[in-house]
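Colleague: I am new to this one. Can you put the structure up and walk me through parts of it?

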Amino acid sequence: IENMDPMGVHTGDSITVAPAQTLTDREYQMMRDAAIDILREIGVETGGSNVQFAINPEDGEMVVIEMNPRVSRSSALASKATGFPIAKIAAKLAVGYSLDEIANDITRETRASFEPTIDYCVVKVPRFTFEKFPKTQDLLTVSMKSVGETMAIGRTFKESLQKAIRSLEIGRFGFVDPPADAGQEYLEELKEKLRRPNSQRLFQLGEAFKLGLGVAEVFELTQIDPWFLHHIQQIIEMEAAIRGDGLLEDPDRLRLAKSWGFSDVRLGQLTGTDEETIRQLRLQHGIIPVYKLVDTCAAEFEAYTPYYYSTYETEDEARPSDRPKVVILGGGPNRIGQGIEFDYCCVHASFSLAEENHESVMVNSNPETVSTDYDTSDKLYFEPLTREDVLHILQTEQPKGSIVQFGGQTPLNLAVPLEHAQARILGTSPDAIDLAEDRKRFQQMLLKLGLKQPRNATAFTVEEALSAASAIGYPVVVRPSYVLGGRAMEIVYDDDMLRQFMGTAVHVSPGHPILIDQFLEDATELDVDAISDGQMTVVGGIMEHIEAAGIHSGDSACVLPPISISADRQAELAHQTKLMAQEMGVVGLMNVQFALQKGEIFILEVNPRASRTIPFVSKAIGVPLAKLATKVMLGKTLVELGFTREVVPKHLSVKESVFPFGRFPGVDILLGPEMKSTGEVMGIGNDFGLAFAKAQAASGYELPTEGTVFVSVHDHDKEKVLPVARKFADMGFGLIATKGTARFLQAHGVKAEHVHKLSEGRPNVLDHIKNGKIQLVINTSLGKKTSSDAYKIRRATLVYGITYTTTISGAGAMAEAVGALQRGDWGVKTIQEYHAESK
């Protein structure tokens, strides 16, 4: 697999291409031989390995960068690119098979000792989320910063690259145009950006060619091999030709543009028409894609596993069957807010369809997932999740329906366009999905049902936003509509902050209003996952968030079942969930986020789809909710499936989030309403302290059982931190605090030593952290207004690997966990044993 970027950019952050395009055959064979020699010398007896080389294109000098005697990130990519399942074969080798004894699943004739050969081109493009970390410079180096990736398959590099661009799901369907007024100053800035690799590099290359730079000059700036640059330049030249006249009248040119990977959306932009016009024109001239098989052997042998990619040629290898079939739309590339938890649901849907004797057809573009294994579903289409690509698959396969509620926001955004194109959506109707997203309709439904939500309004302009905020009363939560992962969401405390927010938010979700909600201070947030068959609704689980409302639900730790919510409040939450499911006609899964303030229940949002907590709830209660939901969508009732009441386990399960802060220099670890976590872990125990301690350990934090706790909290939190500080003191910890907090603690009978703030002289807090005198940090601030002192302390905890918490509720949970660790009553059980005890 060849990296498009030169050395100096982590391979996980580089666009990569298979097969290698710029090597001579001699170089290729030298590397192949060297890789095998290295494996033998290291002593790899069996299994997968990964060797990274660099080659100097000027003189052919070859160096080895690193070798991993294990499967690596690129092993998954190589497996998906070739159809040769490296990890599966490595597992068989580990138990004693040899390569010539293992059959190739795809050809059923060749053996695993037969090296895969491919007659297509694969391009992987990483997905970045620098917008989530505004303090970090967008710069790609040897430390990996991408949070996901997408892969595309085509007959040529051009086709695969353009398919990969639209697979990224960043609102782009091809290369982008420079601003109309771009002059010399803009060009100089662009050159500077090209010198320093960043997440927008691919699009900057396109702009450079549009502004008249040549391949030689761009090569000097980027050191990207001229082979790749020539192809990108040719795409840009083709765009210029399409802008000229004639494409709409000339079917041959339209076919050529499609074979180069141009999307209907981009062709619409270039010809001044729209996606539907181009689509109808193609259908009129019979210009539709055909599907080719991924077969590991460049079509030398017949392929038995239906693993397809689309291209614009003549021979179609798709083999639609007569069996009843369902298309599952996957989640696309991982990103913050939409990751592997949705892939879990898609895979379970596939298993469930097999149990119900339906053929499963998976559509996804993410090589990191289980859903894109060729043996997870009956058929796999490795294609972008766009309206154009999905409609062609539906046309080819003619399924009885499609499942859109399992892949996160990606398929949901396609639900209405697909329905308009006469595609049948299984489960909850696109209209109900829209009702949950549309503020006005949602408000009317809650009024009808007599349920409460925080005071709220919508605004398109700054003036509307300011008048709405003053009517609701600060603080308010503001966010764009139709986004996932709390994208660009903030808690705003005054007019100035709101003006600043409106400046950025309008770009995130153009054409949609900005949503403004009253912020419920000191409220407990709860998540309820439920399943409904259209008549009956059963609660899967009620999760209590450990952090107070205001922290995004994807970043907050949570516990199931709840530990501080009374039985009657829990019953009321379940009742309200059922009312809404009935009213919206939910068929399948739904998730409701509630806030509980002084015993009053407020509804924050409702999602009539699988939420990111479905895998956690399913594993906590021992019921595969996504599997059941698939059967419900096929028409079964919950009574038939035997799931008619909520399972309340006897054990406690804690979900904790995992954050990538260490990879983003300068980023603040303070949590807020915009999601920043990239994964999660789960701890199970018979009491909360133990479950929370296990979750902390799993996420990479060792909780101290002795030492010193540093406490520095905002005035707003001083009363609340008292019981926590007292608990740590009772457990034998020393307490140190900044002047205000120390004085407050001492006045209330908790012994605390005073330590200097950074501005008050040495030795200060940072010195203590560096010298290993502090084992735990409790540091809170109000809203986004945080002092630079607090920020430096939080960064130091990250650098020195010290356990920290930025919320009072988090500190309380840590105190309980430390208590459990001091008691030392750890036990190990399988998850099956926990589930058996709850039955």
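Colleague: What should I know before reading any values?

Modeller: This is a predicted model, where local features need pLDDT of at least 70, side-chain atom pairs count only at pLDDT 80 or more, and totals for chains, interfaces and linings use all residues. Residues are numbered from 1 along each chain as its sequence is written, and side-chain values use heavy atoms, with hydrogens and water left out.

Colleague: Which domains is the protein chain divided into?

Modeller: Domain 1 (2–164), domain 2 (175–240), domain 3 (290–431), domain 4 (455–517), domain 5 (524–649) and domain 6 (699–823). The bounds come from an automatic or database domain assignment. Taken over C-alpha atoms, the centres of domain 1 and domain 5 are separated by 41 Å.

Colleague: Now helix H23. How many of its residues are buried?

Modeller: 9 of the 11 residues in 688–698 are buried, so H23 is largely enclosed by the rest of the structure. Buried means under 20% relative accessible area, exposed over 50%, and partly exposed in between (1.4 Å probe, protein chains only). Helices (H or I, at least four residues) and strands (E, at least two) are DSSP runs, numbered from the N terminus.

Colleague: What do the buried residues of H23 pack against?

Modeller: Their partners include strand E18 (537–548), strand E23 (679–685) and helix H28 (808–823). Contact here means heavy atoms within 4.5 Å. Among the buried residues are Phe-688, Leu-690 and Lys-694.

Colleague: And just after H23?

Modeller: Gly-700 takes a positive phi of about 100 degrees there.

Colleague: Different topic. How many salt bridges does the structure hold?

Modeller: There are 49, each being a side-chain nitrogen of Lys or Arg within 4 Å of a carboxyl oxygen of Asp or Glu. One of them joins Asp-105 and Lys-88 at 2.9 Å, N to O. Asp-105 lies in the loop between helix H3 (86–94) and strand E5 (121–127) and Lys-88 in helix H3, so this pair ties together parts 17 residues apart in sequence.

Colleague: What about Asp-767 and Arg-762?

Modeller: Their side chains meet in a salt bridge of 2.8 Å, N to O. Asp-767 is buried at 10% relative accessible area, whereas Arg-762 is exposed at 65%.

Colleague: Which residues are linked in a network of salt bridges?

Modeller: Asp-177, Lys-210, Glu-239, Arg-243 and Arg-266.
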